[in-house]
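Me: I would like to learn how to read sheets and the helices packed on them. Can we work through an example?

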Amino acid sequence: MQNHRAHPSVTIPQRSRSPAFHPPEVYSPYPFEVGSQSSDNLLSAWDATPTARHPSTTLEVPDRPLSRARSTLATPTISPPQPEIHRSISQRLSIHSNRHRSSKSETLLTGRSLEDDYVARSYTPATPSPAPSFDTSPSRSTEEPDSKVNKLTRELSNMTLQSEEGLKRFQNGSLDEKDEAWHSLVPLEACEALGKREVERQSVLFEVFKSERDYVYDLHVIREVFIEPLKSASPPIISPGERLQTFLSTVFWNLEQITAHHERLMEALFVRQREQHPLVQSVCDIILESFFQFKLDYESYIEHYPLAEQRHRTELNHNKAYQDFMQRCSRDPRTKKRDLVTFLSRPVTRLPRANLILEHLQKRTEPDHPDAKDLPVVLGVLNDFLKSTQPGIAAAESKVKFWNLCDSLAFNKGEIIELALYNDTRSLVYAGTLARRSKSEMDWNPWYDLHVALLDNFLLITKEEKLPGDTIRRLVVSRPIPLAYLRFGSFDGPPENRKERPEEGNFLRVSYRAMYPFTVYHAFEKATRRYTLYASTEAARTKWYEVLVNTKAVEDARREGNRFFVPQVVDDGTFRVLGPRSSRSRKHPSGRVVHAASFIASGGKKFLVFGCASGIFIGRRGETYRKILSYENAKSIIVLQDFNKILIHHDGYLLSYSLEVLARVVQYQSPAVALDASLETIAGQDGAVICCHAGKVKDRTIVVYAVKAFLHTNVYALEVCRPNELGARSPWTLQLPTLSFRPYGESFYLPQDPYSIMTLTKTIAVSTERGIAVADPQNTGRTVISIIPDFSGAPSNSTMGDLKVHCEAARPLGLVPCDSSELMVIYDTMGCYVTKHGRPSRDSSFVRWEIKADSFLHRAPHVLLFCSEFIEVRDVQSGRLDQVVEGTDIRLLYTPNVRSALPLVAWRGAKDDEDGLSEQIVELIDTAVITPVTPASGTIVPLDVWDEWDM
């Protein structure tokens, strides 16, 4: 019988008998159904497959791999019903034969059509089925049961042209949304014949195809609506080009790779659907194979997603052109009024959504179906993957919170606080609200809330301020405390009552809340930077204590393993100061070591010189040090190795001795009186020498010293030379009682007393109260002495004016070169940057030290700042704090002129006995990275960098 209806139909074979007359033996179970009993009276599509029930013995199938139409995980003996699509009589021409079109997989495997198989085989259904209520003529009641089911299975595949076209339109996305369902693409009679459970299973499988198609469509929308217009926008929405590329790579990460994976997956699923529609057996093999291909790309994207979203929101808040672009994108009909965040989250939610669909499919799968074993495998792999990405997501979300904190911070104007916030290793450890009490007694409610954030390297104390647009700004109320300087006070104090603000309209009722105090403070500024904070509960206070202690321990361990300078003990015990047990000793201690130097003499032997409170001690390293000169508390000891000279600044005089004579006296090769023969008095006869320094200027070794006069200070420069280089001496030179020094240029005077002197490549720099004076003694025509920093533009520049106020309140110590165009001016409490002409650079910003330094040492690319308790190591280029060395009574003894020599430092030693407290002498050894890395700061300044300076 032919059906003239335009929609899919099922034709019941003629001469069919009622299922009630089927003999029991006809319904024998499949091999995999042995032992199972089913009460379902509906026909199972999987049991009705003729090739599974009675495989043909005459069909020769060549050896070849399974086609895509068969699951690689399925049992080979089970074949699904194959779809047969035909035209109804109202839509077919009479010249067309009613042939069944074989599926792609069938043709590849057998080389013949399924119609031939159906004709050649006999078939007995596995389960009885009630007779349909349509097309039941009496003439068909006598047909055999196997012919009836065989015919039904064939007619399930023989869909109308509308069904075939509907599947094609579904896959290309042109089908109406209301018709995108499995039951809309199959005959109504098929749904009634298959039964509810199988219909539901096929509907879930159809949802797999549909969700994959929609997902790939959204991935294409991201590319076509967001990425490509951003790249081709003119004028550019995000500029410059390097910033746009960074933005695209950060926000869209590896979406291109994920899109390519899912385009291949969608095509494989569509091929399977076309081959097996309307009864799809399985898609587990396709999903599992694809998952292992895109697993790594998904892991990378999911863990990066919080950072991508944060970067998008940051650009949205700060770029008006980007805001307008997003609004235009939201009006594009392809986005369906969804924003970019929704599209960016699609890959994050795709796998969990697929997992839910497959779980639903598992519930609708019969126990004897191959998917009953395959689906748990796929679900297990998906669930394990989703669980493995949770730590990465949590870490990324923590990074997003950290970036939000960084973007909301507001520091004092002009101050450079290098927190290295955007370093890859930076992280937000803990943050929360803590209270603090005002010190003023006039406040009705002295309590106020603070937002305290603990980073892995700093403790930040901020006060939140809400701005329009739900934006939060966090004002840094106190300079961040580096964890290296963080110390803990009491964490067990009794709770204190905080008066709460009365409710609106009830001013007479006052409530109190218990607050639990704890104290933290700065190790150097113990009194001025001491903070008592209050937690709302005892548990919160305990939590803060734990995270503070643990984070500081981790940071201390990290710094210990990444030191830029390592102290190495040279001596501990030779030099002593009075201690609590010194009264029992008859030995007079040497006193504090204040200066040191090293020299080579006596055929290459290395000697160390130490200036102490009781005199000058000299000896070889590791041997006994002898007191050679009785100059107490010498202010400076300078070694001129190339000229065999040692200079000693003591009691207002600048004296010179021969190194070789000193070495012979130390080794008992000459008497001590031999030193008098080599003594030269360089300065001090006409006035007390305040300070002195030796170095190279214009490739000449000179000695610069300052002499105190009545109302001013005179600065002199002498060139060091050998006796055979003196030649004819000038009248002024003849007046000097020295034979190894001659004047270098002319002297100049300063109105203030100098703190220190240093030599530059072409000029001399003298630190004074007003700043650092720079002069060239050989330039007799230059009457104006430059003062660095040059604040001549301060009246018209408020930022420069603020820097001038800070500099005038500090004490200048010297200059440090940064690069060929910039240097840093070192003060005791801060440092600022100036150009090679002395004018402030970097918008007149400055770096504040954590200590108050009394001396400094430049070891490129670092500057070392010294005070009595700490050595602070900072990067010159950025001002970043890289290392902190802690000790007691720290002193810088020796600043070498060459990189190969090591600086010497003294601090309190470990010995405390009858001889007194020991002075430990250490040398600071530069370390090197174990593996090559790109330095975060600028390159090391070459030794000839001062050649670029014209001062």
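Reply: Start with helix α20, residues 798-808, in this predicted model. Helix α20 lies across β30 (822-827), β31 (830-835) and β32.

Me: At what angle does helix α20 run to β31?

Reply: At about 130°. The angle is taken between N-to-C directions, on a scale from 0 to 180 degrees.

Me: What holds the strands of a sheet together?

Reply: Strands pair through backbone hydrogen bonds, and the pairing is either parallel or antiparallel. In the sheet under helix α20, the order is β2-β32-β31-β30-β29. This sheet is open, has 5 strands and shows mixed pairing.

Me: Which strands are at the edges of that sheet?

Reply: β2 (415-416) and β29 (812-819), each of which pairs on one side only. β2 runs parallel to β32 (residues 846-848), and 2 bridges join them. Across that pair, Glu 415 stands opposite Phe 846 in β32.

Me: Which order do the strands take in the open sheet of 4 strands?

Reply: The order there is β25-β26-β27-β28, and the pairing is antiparallel. Its edge strands are β25 (756-759) and β28 (786-788), each pairing on one side only. From one strand to the next, the twist averages 25°.

Me: How many bridges link β25 and β26?

Reply: The antiparallel pairing of β25 with β26 (residues 764-767) extends over 4 bridges.

Methods: Residues are numbered from 1 along each chain as its sequence is written. This is a predicted model: local features need pLDDT of at least 70, side-chain atom pairs count only at pLDDT 80 or more; totals for chains, interfaces and linings use all residues. Side-chain values use heavy atoms; hydrogens and water are left out. Two strands pair if DSSP finds at least two bridges between them. Contact means heavy atoms within 4.5 Å.
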